[in-house]
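Let's take a walk through this structure together, starting with the chain as a whole and then moving in on its parts. Have your viewer ready.

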Amino acid sequence: MLKRAELQAKRTRSATRRAKRRVKRESRHAAHINHRISKEIVAVAQRTGRGIALEELSGIRDRVRPSRDRRATLSSWPFHQLEEHLRYKARRAGVPVIAVDARYTSQMCPRCGHTARHNRPTRDAFSCRRCGLAGPADHVAGVTVRNRARSAWVLGNGPVPQRA
Ligand SMILES: [Zn+2]
């Protein structure tokens with residue numbers, strides 16, 4: 001018969017083993033999802049003759065504010081790995097990738113440029129206090145990221161090619 005302390009140690013060891021297995025499984029799952037997301041994004045960009053604009057990584061966690069129960073997943077989500085997948089696949093496909101300054105992408109109005117915390121009445125909504133432009137916060141921020149990438153592209157590579 002095991003003594004209490006031995007039992008405890010045994011439980012701790014098997015709990016540690018289980019935890020390690022879970023972490024491994026979760027990171028495999030994340031890698032698989034990152035692979036699928038990046039593959040899809042690069043495929044669409046290639047098919048439609050577009051480039052890919054990325055927020056500098058430091059910004060992504062500030063902007064993505066999920067509900068509390070999803071926060072744990074997202075705060076540990078390997079965004080860096082996603083970016084690496086994206087860059088690798090994009091390079092292979094000849095799709096340009098531009099990283100843009102992520103500062104205030106969530107607060108800036110892409111129509112009039114007004115930048116204020118008050119432009120975000122809630123986590124999910126954007127509503128410009130100056131010109132009234134409104135929409136889902138992520139979409140509006142996406143437009144700002146795209147605009148910044150276009151400016152960067154024009155400065156570095158001449159005009160953005162127009163699609164027929
Ligand atoms: Zn505005």
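Among contacts in the protein chain between residues at least 6 apart in sequence, what percentage join residues at least 24 apart? For this predicted model, the figure is 58%.

With that in mind, follow the chain along its elements. It has five helices and four strands, and starting at the N terminus they come in the order α-β-α-α-α-β-β-β-α. As for burial, 20% of the 164 residues of the protein chain count as buried.

Now turn to a pair of helices. Two packed helices are described by the angle between their axes and by the distance between those axes. Here, helix α1 covers residues 4-47 and helix α4 covers residues 79-93. They pack at an angle of about 35 degrees, and their axes are 9 Å apart. The crossing that α1 makes as it passes α4 is right-handed.

Which residues meet there? On the α1 side you will find Ala31, Asn34, His35, Ile37, Ser38, Lys39, Ile41, Val42 and Gln46. On the α4 side they meet Gln81, Leu82, His85, Leu86, Lys89, Ala90 and Ala93. Sorted by class, this contact of α1 with α4 has eight nonpolar, six polar and two charged residues.

Is Ala31 buried, exposed or partly exposed? Ala31 has 14 C-beta neighbours inside 10 Å, so it counts as partly exposed.

Next, look for the nonpolar core. The largest one has 17 residues, and Ile52 and Ala53 are those with the most contacts inside it. The elements that give two or more residues to this core are α1, β1 (52-55), α4 and α5 (137-157). Of these, α5 gives the most, with five residues. The core also draws on both domains, taking at least three residues from each of domain 1 (29-103) and domain 2 (109-164).

What is it in contact with, leaving aside its neighbours within four places in sequence? The partners of Ala53 are Ile98, Val100, Val145, Arg146 and Ala149.

Note on methods: Residues numbered from 1 in each chain as written. Predicted model: local features only at pLDDT ≥ 70, side-chain atom pairs only at ≥ 80, totals over all residues. Axes fitted to C-alpha atoms, helices over the stretch in contact; angles between N-to-C directions. Left-handed = near helix turned anticlockwise from the far one by under 90°. Contact = placed C-beta atoms within 7 Å. Nonpolar A, V, L, I, M, F, W, Y, C, P; charged D, E, K, R; others polar. Buried ≥ 20, exposed ≤ 12 C-beta atoms within 10 Å, placed from the backbone. Core = buried A, V, L, I, M, F, W, Y, C linked by C-beta atoms within 7 Å. Domains from an automatic or database assignment.
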